[in-house]
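The report that follows is meant to be read with the sequence and the coordinates open side by side. It takes up backbone geometry, then the sheets, then the contact between the chains.

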Amino acid sequence: MLSINADRKLTMSKAITEAIAQEMEQDERVFVLGEDVGIYGGIFSSTAGLLEKFGPERVIDTPISETGFIGAALGAAMEGMRPIAELMFVDFFGVCMDQIYNHIAKNTYFAGGHMKVPLVLMTATGGGYNDAGQHSQSLWGTFAHLPGLKVVVPSTPYDAKGLMTQAIRDDNPVLFMFHKGLMGLGWMTLVKDATGHVPEEAYAIPFGQADVKREGTDVTIVSVSMGVYHALEAARELEREGISAEVIDLRTLVPLDREAVVRSVKKTHRLLVVDEDYLSYGMSGEIAATVAERAFDYLDAPVRRLAVPDVPIPFARPLEQFVLPDAPKIVAAVKELLNS
Amino acid sequence: MGIPKERLLQMYRDMVVIRHYEEIMAQTYLEGKQPVFNIAAGTVPGEMHLAAGQEPVAVGVCAHLRKEDAVAGTHRPHHFAIAKGVDLKRMTAEIFGKVTGLGQGKGGHMHLFDPDVHFGCSGIIAAGIPQAVGAALAFRQQKSDKVAVTFFGEGAANQGAFHEGLNLAALWRLPVIFVVEDNDYAISVPKQKSTAVASNADRAAGYGIPGVYVGENDLLAVYEAAGEAVARARRGEGPTLLEVKTDRLFGHFQGDAELYRPKGEVERLRAKDPIARFRTYLIERELAPETEITDTEQQARQSVAEAFAFARESAYPAPEEALKHVFVETTSDRRGRHAVN
């Protein structure tokens, strides 16, 4: 039974650390390693308090040596441990990608399924705070493209806890991608509604189940992570103008709940995909293709996509705001979609 | 040195198995690739990196290992896979791409995984190094005295993963033995043109750990140095970097024209063959009668023949099997508390 105390509200960072702590209490094979995960508590507070609770043997500060410690996480996972390795910014994957996509993602397959790699790779994504092109990317499409990794992109504290619990219990490698702007950090612009109800007890949310955040009849807006908040804000605005938008949060990209998208589009007949990742060859294209394959005859208008227009994330405020999706851009795109 | 005779003979047997295995593989690999060489054709398709000549390093190190100790290897993996005790039949079937293979035909010769003997390898240079460090971290967290060994070529010692792995293992005093197989060539580039120091063992000083160089491709010298390194790791005293001079008798891969080799080099290397040297040693020191050695050689050949026969007779996987095993279907058995303590 989950607690029904709806007043228990947590930030996403607290929800994540609570999930990790509960699984570490339950299973001594679970441990955390990464840069600044110890006394600092994770640059984005994703491991805050764990060192005090579990000590330096199980919450291990590593050198700035991602190939070393992410490769080590794989080696430990292959020998029966269940590591959670933090890659501080997803943008840093370039220094250790071989361990991730050639080994973590492929060893189970090479072994014909005879070897498990129970490993969580946790990383920070997203921009909107003027950190420029090497610290602001989303990149979930890149990892979802490569076979062998499950990809989790939560938008709420409730989902973050349940999906992290599921990630730790999964016997496969899971990339857990939180958005810096949704962690509830005092040093970033706080997103209203991003702090939310989280039950105290441990619970797991199965992967591959999208969440319909808001029902609607005129258009389906599909997104993940920060994009879900922009979509909900836009939906409220559109409602004032008599337009009913359905908002779907995919929650995981691998596995992907294609059926939820298809079901919704069959009802609304229009699709807008909102993605903070790059436009081409990514999540927005994958969702659009799914609808083209499975619900083409139901579409009353061509699919629309709103994503970063294939440029690096720029630094200056007006430049960055121009390329990132937001509610006004979604409202405008939906209106165009309805008028086409 | 006081090595039991049974162990000496076992090591001789393992070296003979490896050599014979690689020679049979070289012949088998050519089936269907003559007169025109096509890498995708024949009984054994794909790249083929053979390790004949490198037997001493594999056998001399693995003789100290238990089944539970981990080995992370390279794209040239047959010799230490055999020395570690990987199932020869299933390994051969994997190299043939058969459904009875270690990975049911999904990995091939550069991706052999046998969890029963804690063996894995990779086609990416130096990638196994941090993974061995992680295995050693797991062993310490499990409060065991197991050790992890990673084999890699002298060319890999110029990769970032080598330096990151050494630093982590030294920093955390983990039970890892880093074994550099110096066969002098990173494909075609000789060590002196790629590496600023003559001995990679010297690089251990940069991480405050012991570095040992073993020359001469000599089994007993490797055995002694590796014994020290493994014992040290089991005692919890941390990692050792061991570089072994060894000789690659074949090309980088089969089909390599080896234009980079000085004329007569392979003949010179074959003239100081480490297996023949060890055979002479066993006989001259009266450590084993020649009849027993001959029997051992016969048994070794027999086991190789059986493995190849098993691979030949096995079926190919059904094509749609390609879609399976990207993920396992299980979740945690939730037995963690008991598993570690």
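A:Leu139 is placed in the loop between β5 (120-125) and α6 (140-145) of chain A. The model is a predicted one, and in it the phi of A:Leu139 is near 60°, a positive value in a residue other than glycine. Most residues other than glycine have a negative phi, and most peptide bonds are trans. Is A:Leu139 buried or exposed? A:Leu139 is buried, because 20 other C-beta atoms lie within 10 Å, and a residue is counted as buried if there are 20 or more.

A:His269, which is not a glycine, has a positive phi of about 70°, and A:His269 lies in the loop between α9 and β13 of chain A. With 17 C-beta neighbours inside 10 Å, A:His269 counts as partly exposed.

| Position | Angle | Value |
|---|---|---|
| A:Leu139 | phi | near 60° |
| A:His269 | phi | about 70° |

## The sheets of chain A

In chain A, 7 strands form an open sheet with mixed pairing, in the order β3-β2-β4-β5-β7-β6-β12. At its edges stand β3 (59-61) and β12 (252-254) of chain A, each with a single partner strand, so one side of each is left without a neighbour in the sheet. From one strand to the next the twist averages 20°. Strand β2 (residues 30-34) of chain A pairs with β3(A) in the parallel sense over 3 bridges, and A:Gly34 stands opposite A:Asp61 in β3(A).

Another open sheet of chain A has 5 strands in the order β9-β11-β10-β13-β14, again with mixed pairing. Its edge strands are β9 (211-214) and β14 (304-308) of chain A, each of which pairs on one side only, and here the twist averages 25° from one strand to the next. Strands β10 (residues 219-223) and β13 (residues 271-278) of chain A run parallel and are joined by 3 bridges, with A:Val222 opposite A:Val273 in β13(A). Helix α10 (residues 283-294) of chain A packs on the sheet, where it touches β10, β13 and β14 of chain A, and its direction makes about 155° with that of β13(A).

## Helices and strands of chain B

Helix α1 (residues 5-30) of chain B has 26 residues and reaches 38 Å from its first C-alpha to its last, close to the 38 Å expected at 1.5 Å a residue. After α1(B) comes B:Gly32, whose phi is positive, near 85°. In helix α2 (residues 55-62) of chain B, 8 of the 8 residues are buried, so the helix is largely enclosed by the rest of the structure; B:Pro56 and B:Cys62 are among them.

In a regular strand the side chains alternate between the two faces of the sheet. From strand β1 (residues 70-73) of chain B, B:Ala70 and B:Ala72 point one way and B:Val71 and B:Gly73 the other, and all are buried. β1(B) runs parallel to strand β3 (residues 148-153) of chain B, to which 3 bridges join it, and B:Ala72 stands opposite B:Thr150 in β3(B). β1(B) also pairs in the parallel sense with strand β2 (residues 119-121) of chain B over 3 bridges, where the bridge partner of B:Gly73 is B:Cys121.

## Where the chains meet

The contact takes 44 residues from chain B and 44 residues from chain A. On the side of chain B that touches chain A, β1, α5 (128-141), α6 (160-171) and α12 (336-340) of chain B each supply at least two residues, and α5(B) gives the most, with 10 residues. The residues of that side of chain B divide into 21 nonpolar, 18 polar and 5 charged.

The axes of helix α3 (residues 66-78) of chain A and α6(B) come within 8 Å and cross at roughly 70°, which means that α3(A) is roughly perpendicular to α6(B). Among the residues that meet there are A:Phe69 in α3(A) and B:Leu168 in α6(B). By class, the contact of α3(A) with α6(B) has 4 nonpolar, 6 polar and 1 charged residues.

Definitions and conventions
Residues are numbered from 1 along each chain as its sequence is written. Chains are lettered from A and ligands numbered from 1 in the order in which they are written. This is a predicted model: local features need pLDDT of at least 70, side-chain atom pairs count only at pLDDT 80 or more; totals for chains, interfaces and linings use all residues. A residue is buried if 20 or more other C-beta atoms lie within 10 Å of its own, exposed if 12 or fewer, and partly exposed in between; C-beta atoms are placed from the backbone. Helices (H or I, at least four residues) and strands (E, at least two) are DSSP runs, numbered from the N terminus. The expected span of a helix is 1.5 Å times one less than its number of residues. Two strands pair if DSSP finds at least two bridges between them. Two residues are in contact if their C-beta atoms, placed from the backbone, lie within 7 Å. Ala, Val, Leu, Ile, Met, Phe, Trp, Tyr, Cys and Pro count as nonpolar, Asp, Glu, Lys and Arg as charged, and the others, Gly among them, as polar. Axes are lines fitted to C-alpha atoms, for helices over the stretch in contact, and angles run from 0 to 180 degrees between N-to-C directions. Angles under 35 degrees count as roughly parallel, over 145 as roughly antiparallel, 65 to 115 as roughly perpendicular and the rest as oblique.
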